[in-house]
Amino acid sequence: MPENNTIKISGFSYVRNGFTYGVPFIEAITSILPICHEMIVAVGDSNDGTREAIANLKNDRIKIIDTVWDMNLREGGKVFAQQTNIALAAIAGNWAFHIQADEVIHEADLPKIVSAVEKENNNKEIDGFILPFLHFWADYNHIRNTRRVHNNEVRIFRNDKLIQSYKDSQGFRKYKSVEGYNDGTDAGKKLVVKKIDAPVYHYNGVRNSKVMHTKIQNFQLHYGNIIADNKEEENNFDFNCVDRVTTFTKTHPAIMQEKIKAHNFSFVHDTSKAIWKPKDKWIQPIEDIVGFKFGEYKNYILKK
């Protein structure tokens with residue numbers, strides 16, 4: 001918990017059928033709980049025991065909001081933003097910490113986060129913080145590290161009711177009014193942020209091949225795409241169809257150890273199956289040398 005009693009960090013998240021889609025939602029929630037005064041979770045209409053698993057944590061700081069996903073909000077993944085905002089609207093703290101169901105924070109980094117929030121608490125020029133991302137792929141020993149993955153995202157910010165989830169819940173912006181946000185007339189302002197060197201362990205790409213296939217089908221469905229019926233033998237995902245991965249040599253959050261031990265797939269990338277976008281083949285080597293991503297989209301204003 002933050003030592004400064006004027007600071008209250010509220011965690012918030014959303015999840016639906018977390019077991020079905022193979023996301024570490026329990027680990028995500030509990031990874032940030034030690035520094036949060038409350039944890040608000042919008043739990044969608046699930047049929048795989050997701051809600052029961054969260055309730056069984058039996059922690060008074062965890063508050064469940066039961067929701068029903070509106071499948072009319074599929075265009076551009078709007079339903080994800082809606083669920084994020086439902087949880088966000090219910091928080092009571094003066095700082096908000098967003099954790100998604102496939103994201104986990106290392107216990108060693110929690111003090112860094114608290115320290116950064118305490119340091120900037122009275123600096124009204126700072127709206128929040130970005131955290132760097134580690135995008136794990138296929139197993140727990142490989143990270144996708146190309147220009148096609150986002151390097152940082154806003155995950156911590158002041159509890160201002162004019163800050164809402166942007167587009168498909170990847171980031172946040174501040175709006176002049178909630179009405180302008182809802183009717184699309186206000187594009188919002190990017191948050192002014194600082195960076196905390198506390199990576200988000202993003203396990204979105206670590207599932208068995210069948211679950212990964214199901215996840216991708218679900219992802220497409222919630223973006224308004226038409227899903228083709230596939231034969232059972234075709235319902236496997238080929239993890240080789242990725243541009244590039246590198247070996248991860250550091251430690252994972254302690255809370256992930258059981259999942260890591262249970263994962264029985266060791267990935268060896270068959271680079272002959274790698275899929276690169278045409279321009280990335282010549283841009284990526286240049287970016288590797290200069291350490292800079294050309295044309296990187298940043299939904300925030302970084303202040304040094």
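Helices here are DSSP runs of H or I with at least four residues, strands are runs of E with at least two, and both are numbered from the N terminus. By that count, the protein chain has eight helices and 15 strands. Keep in mind that this is a predicted model, where local features need pLDDT of at least 70, side-chain atom pairs count only at pLDDT 80 or more, and totals for chains, interfaces and linings use all residues. Residues are numbered from 1 along each chain as its sequence is written, and side-chain values use heavy atoms, leaving out hydrogens and water.

Let's start with the overall shape. For 304 residues, a compact globule would have a radius of gyration near 19 Å, and the protein chain agrees, because its own value is 19 Å. (That radius is taken over C-alpha atoms, and the rule is 2.2 Å times the number of residues to the power 0.38.) Along its principal axes, the C-alpha trace spans about 55 × 50 × 45 Å. Buried residues make up 48% of the chain; buried means under 20% relative accessible area, exposed over 50%, and partly exposed in between, with a 1.4 Å probe and protein chains only.

Now step inside. A nonpolar core is a set of buried Ala, Val, Leu, Ile, Met, Phe, Trp, Tyr and Cys residues joined through side-chain atoms within 4.5 Å. The largest one has 35 residues, and Ile54, Phe97, Ile105 and Ile156 have the most contacts inside it. Among the elements that each supply at least two of its residues are strand 1 (9-15), helix 1 (25-32) and strand 6 (128-137). A second, separate core holds 19 residues, including Phe12 and Tyr300.

Leaving aside residues up to four places away in sequence, Phe97 touches Gly11, Ile105, Leu131 and Ile156, among others, where contact means heavy atoms within 4.5 Å. Gly11 sits in strand 1 and counts as buried because its relative accessibility is 0%.

Most residues other than glycine have a negative phi. Asn17, in the loop between strand 1 and helix 1, has a positive phi of about 50°. Lys58 also has a positive phi of about 50°, in the loop between helix 2 and strand 3 (62-66). Asn17 is buried at 8% relative accessible area, whereas Lys58 is exposed at 69%.
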